[in-house]
Amino acid sequence: QGDAAKGERVFNKCKACHAVGEGAKNKVGPPLNGIIGSAAGQAEGYKYSDALLAAADGGLVWDEETLTAFLTKPKDVIDRTKMSFPGLKKEDEIADIIAYLATFE
């Protein structure tokens with residue numbers, strides 16, 4: 001189980017491209033409010049990659065297991081994702097950021 005307060009600090013690595021919280025809007029990446037447990041490709045007005053849309057059509061859901069894999073190495077989960085971030089190396093950082101994201105409905 002992650003620590004949301006620590007996850008907020010880890011999210012600094014994400015916020016150049018993603019927003020969370022009230023008024024979060026599309027940036028380079030979609031906002032991540034309500035991401036935990038949601039179907040992939042749901043942010044209104046965001047232009048997802050064909051690869052992510054194909055994964056979404058295949059039933060991809062951003063649960064804890066999928067997010068852990070994606071945050072570890074995005075291109076292993078969605079081969080041609082637009083997300084250029086290479087991934088997080090530390091398991092505790094991944095758990096912390098998932099706990100932080102879970103605080104945003």
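Is alanine 69 buried, exposed or partly exposed? Alanine 69 is partly exposed, at a relative accessible area of 36%. The cut-offs are these: buried is under 20% relative accessible area, exposed is over 50%, and partly exposed is in between, with a 1.4 Å probe and protein chains only.

Before going on, a word on the source. This is a predicted model, where local features need pLDDT of at least 70 and side-chain atom pairs count only at pLDDT 80 or more, while totals for chains, interfaces and linings use all residues. Residues are numbered from 1 along each chain as its sequence is written, and side-chain values use heavy atoms, leaving out hydrogens and water.

Now the overall layout. The chain has 5 helices and 2 strands, in the order α-β-α-β-α-α-α from the N terminus. Helices (H or I, at least four residues) and strands (E, at least two) are DSSP runs, numbered from the N terminus. The chain is as compact as a globular protein of its length, because its radius of gyration is 13 Å, close to the 13 Å that the globule rule gives for 105 residues. That radius is taken over C-alpha atoms, and the rule is 2.2 Å times the number of residues to the power 0.38. Along the principal axes, the C-alpha atoms fill a box of roughly 35 × 30 × 20 Å. Of the 105 residues, 39% are buried.

Contact means heavy atoms within 4.5 Å. Take the contacts between residues at least 6 apart in sequence: 45% of them join residues at least 24 apart.

Back to alanine 69, which sits in helix H3, residues 64–72.

Next, charges. Side chains of opposite charge can pair when their charged atoms come close. A salt bridge here is a side-chain nitrogen of Lys or Arg within 4 Å of a carboxyl oxygen of Asp or Glu. How many salt bridges does a search of the whole structure find? It finds 2.

One joins glutamate 93 and lysine 13, with the closest N and O atoms 3.1 Å apart. Glutamate 93 is in helix H5 and lysine 13 is in the loop between helix H1 (4–10) and strand E1 (38–39), so the pair ties together parts that are 80 residues apart in sequence. Glutamate 93 is buried at 16%, whereas lysine 13 is partly exposed at 47%.

Another salt bridge joins aspartate 79 and arginine 80, at 3.8 Å from N to O. Aspartate 79 is exposed, at 52%, and arginine 80 is exposed too, at 59%.

Aspartate 96 also lies in helix H5, residues 91–101. The side chain of aspartate 96 does reach the backbone nitrogen of aspartate 3, at 2.8 Å. Leaving aside neighbours within four places in sequence, the contacts of aspartate 96 include Gly2, Ala4 and Gly7.

Last, the cysteines. A disulfide is a pair of cysteine sulfur atoms within 2.5 Å, and the count is 0. Cysteine 14 is buried at 14%, and cysteine 17 is partly exposed at 30%.

Conventions:
A polar contact is a pair of N or O atoms within 3.5 Å; within protein, one must be able to donate a hydrogen and the other to accept it, and residues adjacent in sequence count only if both atoms are side-chain atoms.
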